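Keep the viewer open as you read.

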Amino acid sequence: QCRMKDKAQSNIDLATRLLNDEDDYSANASIHCSYYAVVQYMKHTLASDPLRPISLRDQDANAGGVGSHNYLITETATRLSQDVTCQLAFRRRVRNLKQLRVVADYKSDIVGQSDGEKCLEEAKSLIKQFEDYLEAS
């Protein structure tokens, strides 16, 4: 589990360095790092949950192939809150990051500095939510 946490932090650090370049192509690349930091920290959170841990191996087996992050997003949402409205809000936040990551990685559009900074802040905010959950459990 610690490796996922370390990978997540490495992606946050890299996104920060890319944004410090103040170049649209670097900002575009930072979005990939911000999104995957969240994915990696979700995996860490699920594996480290003291109440109902899901091993990394089981996460991979349960996730399937296409849309595999949906499993992680849904499982994490149900852990963070019992309130359906909060779960939906969490899922929307992660999916918004994912949508920008798809644009940054696969579309010809360049996602610029402002969006890159917003993604990084959102990733940090989500990771803080995961950390708070693990500390409270």
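This is a predicted model: local features need pLDDT of at least 70, side-chain atom pairs count only at pLDDT 80 or more; totals for chains, interfaces and linings use all residues.

Residues are numbered from 1 along each chain as its sequence is written, and side-chain values use heavy atoms, with hydrogens and water left out.

What does Arg79 meet in a salt bridge? Its partner is the side chain of Glu75, at 3.2 Å from N to O. The term stands for a side-chain nitrogen of Lys or Arg within 4 Å of a carboxyl oxygen of Asp or Glu. Glu75 is partly exposed, with a relative accessible area of 21%. Both residues belong to helix H4 (residues 68-80), where they sit four residues apart, about one turn of the helix. Helices here are DSSP runs of H or I with at least four residues, strands are runs of E with at least two, and both are numbered from the N terminus.

How many salt bridges does the structure hold? There are seven. Side chains of opposite charge can pair when their charged atoms come close. One of these pairs is within helix H6 (residues 113-136), where Glu121 and Lys124 lie three residues apart, about one turn of the helix. Their closest N and O atoms are 3.9 Å apart. Glu121 is partly exposed at 47%, and Lys124 is partly exposed as well, at 36%.

Another salt bridge joins the side chains of Asp60 and Lys43, at 2.8 Å from N to O. Asp60 lies in helix H3 and Lys43 in helix H2, so this pair ties together parts that are 17 residues apart in sequence. Asp60 counts as partly exposed at 48% relative accessibility, whereas Lys43 counts as buried at 10%.

Now turn to the two helices themselves. H2 (residues 24-48) and H3 (residues 56-63) pack at an angle of about 115°, with their axes 9 Å apart. Those axes are lines fitted to C-alpha atoms, for helices over the stretch in contact, and angles run from 0 to 180 degrees between N-to-C directions. Lys43, Leu46 and Ala47 of H2 make the contact with Leu56, Gln59 and Asp60 of H3, where contact means heavy atoms within 4.5 Å.

Next comes helix H5 (residues 84-106), which contains Arg91. Arg91 is partly exposed, at 23% relative accessibility. Leaving aside residues up to four places away in sequence, Arg91 touches Ile73, Thr74 and Ala77.

Finally, the cysteines. A disulfide is a covalent bond between the sulfur atoms of two cysteines. How many disulfides does the structure hold? The count is zero, with a disulfide taken as a pair of cysteine sulfur atoms within 2.5 Å. The sulfur of Cys119 is 11 Å from the closest cysteine sulfur, in Cys33, which is too far for a bond. Cys119 is buried, with a relative accessible area of 3%, while Cys86 counts as partly exposed at 42%.

Methods
Buried means under 20% relative accessible area, exposed over 50%, partly exposed in between (1.4 Å probe, protein chains only).
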